[in-house]
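Subject: Handing over the structure

Hi,

Here is the structure I said I would pass on to you. Have a look around first, then read on for what turned up in it.

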Amino acid sequence: MTGKLLRLLTPLALLLLVGFADLSLASVDEDEDYYMQEMLTRERYNRARVPEKPNSSTADTQEEAKQNPARKMPRGEVGNDKKTDKITDPTRSVKAPSRKTVKNKKSTLKESNSISEGVQDFKSMTEECPPMGLETLKIDDFQLHASSTKRYGLGAHRGRLNIQAGLYEDDLYDGAWCAGRDDPLQWLEVDARRLTKFTGVVTQGRSSLWSSDWVTSYKVMVSNDSHTWITLKNGSADLIFSGNREKEIPVRNIFPSPVVARYIRVNPRSWFYGGSVCMRVEILGCPLPDPNNYYHRRNEVITTDDLDFRHHSYKEMRQLMKVVNEMCPNITRIYNIGKSQSGLKLYAIEISDNPGEHEVGEPEFRYTAGSHGNEVLGRELLLLLMQFMCLEYLSGNQRIRHLVEETRIHLLPSVNPDGYEKAFEAGSELSGWSLGRWTNDGIDIHHNFPDLNSILWEAEAKKWIPRKMLNHHIPTPEWYLSKNASVALETRALIAWMEKMPFVLGGNLQGGELVVTFPYDRTRSQGVTREQTPTPDEHVFRWLAFSYASTHRLMTDASRRVCHTEDFAKEDGTINGASWHTAAGSMNDFSYLHTNCFELSMYVGCDKFPHESELPEEWENNRESLLVFMEQVHRGIKGVVRDLQGRGIANAIISVEGIGHDVRTAADGDYWRLLNPGEYRVTAKAEGYSLVTKKCEVGYAMGASRCDFTIGRSNLFRIREIMEKYKKQPIGLPARQFQAHRPRERRLGT
């Protein structure tokens, strides 16, 4: 038995001991900017310097340095060699290679259908392996182990990069693994379940509003049997990797040489003197080929769509959209809705059989993404969606052809390009939870819209509706329109776009969770952070949300692990926004109260910025949902409101009995009203016209039911019209005003 073990360990030991490159230390500038956690601040805090007090583990490191004065420390550690400052300074690692990906390859789309023919082929700046999937939950809880645990909520299963804590301490969902004892014998272990080439580690401190805990240095050990462990070495000395300087900014350390093993441990050696041994981790590793590994094959997701699966900079995004337009010029049009704070244009692409024109009776749909610039998965999904629809249309896919011919589709992939560029520069593992979330002037676009909820609810309390105020198309307050209001340029551009296009249904793609939220996003009760706050269209919104969540590969899976603190799967992957967390001035509420458009938010992945290698699987997770949700724009009733001469009437009001929210007709008199199957009494009315009511039935089959209206002028309006034509005064004019308008000689009795 001993001989077999030695034969097994010998190649691994040789690999670990031979060829470890020497890397110099670097000095750390004392005046560094750090990006703080989202809930603490929206901007960087300046000149942060963490005082460290030597503890037992720090002393170990110093003792090793004395014994090995020629020893060089690996990337990420702090030293004094200023010549290598750009490489080894952990605080600068956020600005390391623009993307930490495997080699980028040009998409292999065939012949004339190749999206990538017009896209530049970029090479990866680094060769290390992609993340194993602690953050994306590919690594499940049973693969994570620890030497000790402070409590269940701080167990090994919580030691995942970027995992977020609950609001309060001592709950089941704390924000890191924390050891039960603060000593250098603690470790966090990952079981890869197969031989894996490990190339690096990314670490963070604990996510907490109340505690400051992070590891400042650590060792790495590997094993094939979880009993015999070998520490990564540099020559004869153990490698000591430099960890974090605060709790939110990720620090990446790449091994001098890859190591092959099944198990890997991170062994903290020193930590912030005021805190405990706590950390969040991601492991970089490439599983070695093993066709007999059932676990790997069972979880493998392969896409057959030949698309451009990579992260795109602003210029690359623009180029890709241009290529799609050139491939499908008859069904696409590129336009911009405005500019960002730094001057980048907000590009959208329209997909329709008559791009650039609104066709009477054809509903308009929109997807937006990237309002939070660091939530990049939605952005890439929309870029993939436009490629997919173009190629499938060209190949004759009847489902896609029907969507394109019956719907005017608008895709706006990057609402906040300024924020995205910040996150993109740092890369997927180093951008953290907050970098790039806000605009350049520090505004959260998604919650930057006017609060129309309060205006509506106040009017309802005063019983002003419907006589003094309508229950829909609530106007924007004057203060919000002023130049001095704290409104982002991007938000103003979105509002102008929403007012110009007669959108019926919309979805904004976000990240960091797996759930679909629907209005209202603000609680009706003052001072309450969570409260079910339904709209009059609650049942319609619930169906719309479920249509996306139920067709997603993971959202409704009751056995899946929660992303952070909320188990949305038990609610079918959907939730009323206000019952999750209240937010005034959301895009969803504004869209519903100010326009005809029903807007929902799709949180499409636990990882806000997944590694490039994850994009094919994320596309498979969301592709069907993206298509199914678009098709819901054809659910309900539609029609045209005309006068007796057959002319369409703009701004006619469509009311549904029992639902206290109306919609209006577009410029040509056409309208769309999203409804669930059933019979409805629907009324059409317009100023100066008699109202008309009829029964309209919505079936279960896809496709809106036709429900047209022809309305004539009201008697009072016709009398006024005739009298104005013949210079007569209306009957209802007050006597005093009537006397004032009589000829002077009549008033004198002549």
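Predicted model: local features only at pLDDT ≥ 70, side-chain atom pairs only at ≥ 80, totals over all residues.

Let's start with the cysteines. Counting the bonded cysteines along the protein chain, the disulfides follow the pattern 1-4, 2-3, 5-6, 7-8, 9-10. A disulfide here is a pair of cysteine sulfur atoms within 2.5 Å, and a search of the whole structure finds five of them.

Residues are numbered from 1 along each chain as its sequence is written, and side-chain values use heavy atoms, with hydrogens and water left out.

Back to the disulfides. Cys178 and Cys278 are linked with their sulfur atoms 1.9 Å apart, and the link is right-handed, with 115° about the S-S bond. Cys178 is in strand 4 (residues 177–178) and Cys278 in strand 12 (residues 278–287), so this pair ties together parts that are 100 residues apart in sequence. (Helices, H or I with at least four residues, and strands, E with at least two, are DSSP runs numbered from the N terminus.) Cys178 counts as buried, at 0% relative accessibility, and so does Cys278, at 0%. Buried means under 20% relative accessible area, exposed over 50%, and partly exposed in between, using a 1.4 Å probe and protein chains only.

Cys563 and Cys606 form another disulfide, with sulfurs 1.9 Å apart; this link is left-handed, with -60° about the S-S bond. Then there is the pair Cys696 and Cys707, at 1.8 Å. Cys696 lies in strand 26 and Cys707 in the loop between strand 27 (705–706) and strand 28 (709–710), so the pair ties together parts that are eleven residues apart in sequence. Both Cys696 and Cys707 are buried.

Strand 25 and strand 26 have six residues between them, and Gly688 in the turn has a positive phi of about 90°. Seven bridges join strand 25 (residues 678–685) to strand 26 (residues 692–698), and the two run antiparallel. Glu679, for example, has Glu697 in strand 26 as its bridge partner.

Eight strands make up an open sheet with mixed pairing, in the order 13-14-16-15-17-20-18-19; two strands pair if DSSP finds at least two bridges between them. Strand 13 (332–339) and strand 19 (574–576) stand at the edges with a single partner strand each, so one side of each has no neighbour in the sheet. Inside this order, strand 15 (residues 364–369) and strand 17 (residues 503–510) run parallel and are joined by six bridges.

Which residues touch the most other members of the largest nonpolar core? They are Tyr367, Met389 and Leu600, out of 94 residues. Such a core is a set of buried Ala, Val, Leu, Ile, Met, Phe, Trp, Tyr and Cys residues joined through side-chain atoms within 4.5 Å. Its largest share, twelve residues, comes from helix 6 (residues 377–395). A second, separate core of 29 residues includes Leu144, Ala192, Phe198 and Met279.

Finally, take a look at helix 14 (residues 587–594), where eight of its eight residues are buried.

Enjoy exploring!
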